[in-house]
Amino acid sequence: MTFAEAVKTCLTKKYFKISGRATRSEYWWFQLFYFLLCGCIGVVSVAAQQDLSIVLMGLLVLLMISPLFCAQIRRLHDAGFSGWFVLLSLIPYIGGIALLVMTLLKSDSDNKWGPNPQSTIE
């Protein structure tokens, strides 16, 4: 999946969808998109020398929290884990590292969350 396809998929087709699976490329391209948006807001706020960035960052977080959360759950499903493992993020340090490792794992073969998305790509 390309950068543009991942962003389009996560922001339009799967904005609130936690069922199913997300490939590594879909998940990590979308994470990169979010990181770049945050960076752009930071650059604009430094250039403008105003505190507008707090408002813009707040709006960005409100708009992006659902697709980020849903993409992470679908990525966990793809690796063969339950979406409830996203709650590991509540554990300081260790939880974030565990989630990072889980999202880096290869796609599991067909599992209870659906067929392997890599095998359905044409």
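This note sets out points on helix packing, salt bridges and one surface patch in a predicted model.

1. Residues are numbered from 1 along each chain as its sequence is written, and side-chain values use heavy atoms, with hydrogens and water left out. Because the model is predicted, local features need pLDDT of at least 70 and side-chain atom pairs count only at pLDDT 80 or more, whereas totals for chains, interfaces and linings use all residues.

2. Helix 4, residues 94–104, has G95, L99, M102 and T103 as its buried residues. Their arc around the axis is only 95 degrees, so they sit on the same side of helix 4. The cover over these buried residues includes helix 2 (24–48) and helix 3 (52–78), and on the other side of helix 4 I94 and I97 are exposed.

3. The structure holds 4 salt bridges, each a side-chain nitrogen of Lys or Arg within 4 Å of a carboxyl oxygen of Asp or Glu. K14, E26 and R74 are linked in a network of them: E26 meets K14 at 3.9 Å, N to O, and R74 pairs with E26 with the closest N and O atoms 3.0 Å apart. The R74 and E26 pair links helix 3 with helix 2 across 48 residues. Relative accessible area is 3% for E26, 17% for K14 and 0% for R74, and each of these residues counts as buried.

4. D78 in helix 3 forms a salt bridge with R21, the closest N and O atoms being 2.9 Å apart. This pair joins helix 3 to the loop between helix 1 and helix 2, 57 residues apart, and both residues are buried.

5. L52, V55, L56, L59 and L62 form a nonpolar surface patch with about 470 Å² of accessible area together (Shrake-Rupley method, 1.4 Å probe, only the protein chains shown counting as cover for residues). Patches take residues with over 30% relative accessible area and no salt bridge, joining like charges within 9 Å and nonpolar side chains (Val, Leu, Ile, Met, Phe, Trp, Tyr) within 5 Å. L59 is partly exposed, at 48%.

Key
Buried means under 20% relative accessible area, exposed over 50%, partly exposed in between (1.4 Å probe, protein chains only). Helices (H or I, at least four residues) and strands (E, at least two) are DSSP runs, numbered from the N terminus. The arc is that of the directions from the helix axis to the C-beta atoms. Contact means heavy atoms within 4.5 Å.
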